[in-house]
Structures are given as structure tokens and as C-alpha cells.
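Welcome to a short tour of one chain.

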Amino acid sequence: GHLFSVRRPSENRGGGRRPGEGHTPRAGRDRLAGGSVEISGTMRKDSLMDVLCLTALRDCPDRLDEAACWFHEKWGIPAEVYRDSIRQGIRQKAGIPQWYIVQKEAGEIVAGVGLIDHDYHSRRDLTPNVCALYVEEHYRRRGIARLLLDHVKKEAAEMGTGTLYLVTDHTAFYETCGWHFMTMAEDEEGNPIRLYAAQTGE
């Protein structure tokens, strides 16, 4: 995994915006808070820093069940759906799907994201899709979501994929991360949803 450190959240400060209420994600789209803060490559271990590790689940198959349950708790999709997709990524090692987590030194998962073929929207021609992006509330606004997005773009580029897509209810965050609004699509219930694209080489 990739080690990095972030400032530890203040106990008397809110953890950022609440996730969009009324949003009913399918595979889990992007429950996060925008903004970024300093991410330092220095592995300081003092009272102000948390050392975190970004890990591809294909490299730690022993975390499969825990990660599937974590994504299930965040998005309400059956854990078995995540478990099957994560297991496929573990078996094939390269290619899509792939899943990633950010964890504390003790192993607690604080963020995660997936890269899958399609995230249950009407534009099935636009693939692959970033999905299930989630950062725990106390770890928001510290650049972790951006780090995950950039890492997925890098890995997709290494797979030979030039463009990634995602669907979201958010209207400002992704532009700050190099994503571009492309078009409106529909989710499985026919509700309008914003569809974004990003070039993996950017």
C-alpha cells in the first residue's frame, strides 16, 4: 500500500458536510465532502497526525469480507454484491473490477472506492465507472477523496483505459479534481443523475 499522513481531526469540530440526504445510490456513488487539506509525505507520529495507507484489495485478500461489509454499511447494497466484485478483482489481479481502501495503522477502514464496468445508470456505453466513493465523516476535507480519485485514474491508465466515468448528485466537487460534467443520465428508477468524465492521463 501507499503510506501518507494527514492531520488528525479536531474533536470539537464538525466532520464536514453531511452526505446528500435523499440520495439513493445503487452501487454507491460518491458520498463525501469536498475540499482538500495538506497531505504530507512525512511519516510524523505525533498527536496531530494520522498515518494512513491506501491499499488495493487485490493485494490483501484477507480484508475481503471486512471491506464488503464496510461498503455495504455505507451504501445499503447487499454485502454479497461487493464481495463478488472484490473477489473477482482479487482473482484476476489486473483489469476491472478493482477496489481500494484507505486504512489507519490499526487496520480501521476510513475510506474506499471501486472501479467497475458500470454503475447502474442509463448510459451503458460509458464505461468503466468509478463507484462507491466514501470517506468517513471525521476524515473528510483532508484530501483523501481526491487521493483516491487520482490513484484510480493512475491505475486505470496503466490498464490502458483512457477515460473514466462516474455518476453523482454533487455539483462542484469533481470539477476541482479534474473531472468534467458530460451529460445528464438516469438511474435505475428513472431519476436524473449527473454524469462526469475524466481523462486518466490528466
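In which loop is Pro97 found? Pro97 sits in the loop between α2 (79-92) and β5 (98-104), where helices (H or I, at least four residues) and strands (E, at least two) are DSSP runs, numbered from the N terminus. We will come back to that loop below.

First, some ground rules. This is a predicted model, in which local features need pLDDT of at least 70 and side-chain atom pairs count only at pLDDT 80 or more, while totals for chains, interfaces and linings use all residues. Residues are numbered from 1 along each chain as its sequence is written, and side-chain values use heavy atoms, with hydrogens and water left out.

**Confidence**

pLDDT is the predictor's confidence in each residue, from 0 to 100. Its mean over the chain is 81, and 75% of the residues reach 70 or more. Over residues 9-47, however, the pLDDT is below 50, and this stretch has 111 contacts in the model beyond near neighbours in sequence; contact means heavy atoms within 4.5 Å. Where pLDDT is low, the predicted coordinates should not be read in detail.

**Overall layout**

The chain has three helices and 10 strands. Along the sequence they follow the pattern β-β-β-β-α-α-β-β-β-α-β-β-β. Of the 202 residues, 52% count as buried, meaning under 20% relative accessible area, with exposed over 50% and partly exposed in between (1.4 Å probe, protein chains only). The chain exposes about 9500 Å², and carbon and sulfur atoms supply 48% of that area; accessible areas come from the Shrake-Rupley method with a 1.4 Å probe, and for residues only the protein chains shown count as cover. Among contacts between residues at least 6 apart in sequence, 68% join residues at least 24 apart.

Buried residues of α1 are Leu64, Ala67, Ala68, Trp70, Phe71, Lys74 and Trp75. Seen down the helix axis, the buried residues of α1 fall within an arc of 160°, so they line one face of the helix; the arc is that of the directions from the helix axis to the C-beta atoms. After α1 comes Gly76, with a positive phi near 80°.

**Backbone details in the loops**

Most residues other than glycine have a negative phi, and most peptide bonds are trans.

| Site | Backbone value | Loop |
|---|---|---|
| Ile96 to Pro97 | cis, omega near 10° | Pro97: between α2 and β5 |
| Thr127 to Pro128 | cis, omega near 0° | Pro128: between β6 (109-116) and β7 (129-135) |
| Lys93 | positive phi, about 65° | between α2 and β5 |
| Arg141 | positive phi, about 65° | between β7 and α3 (144-158) |

Lys93, which follows α2, is partly exposed, with a relative accessible area of 44%. Arg141 also counts as partly exposed, at 37% relative accessibility.

**The nonpolar cores**

In soluble globular proteins, nonpolar side chains tend to be buried together. A nonpolar core is a set of buried Ala, Val, Leu, Ile, Met, Phe, Trp, Tyr and Cys residues joined through side-chain atoms within 4.5 Å. The largest such core has 27 residues, and those with the most contacts inside it are Val102, Val130, Ile144, Leu148, Leu149, Tyr174 and Trp179. Two or more residues each come from β4 (49-56), β5, β6, β7, α3, β8 (163-168) and β10 (192-199). The most comes from α3, with six residues. Apart from this core lies another, of 19 residues, among them Cys60, Trp70, Trp99 and Ile101.

One last stop is Phe173, in the loop between β8 and β9 (180-186). Phe173 counts as buried, at 6% relative accessibility. Its C-alpha atom is separated by 9.4 Å from that of Arg146, 27 residues apart along the chain.
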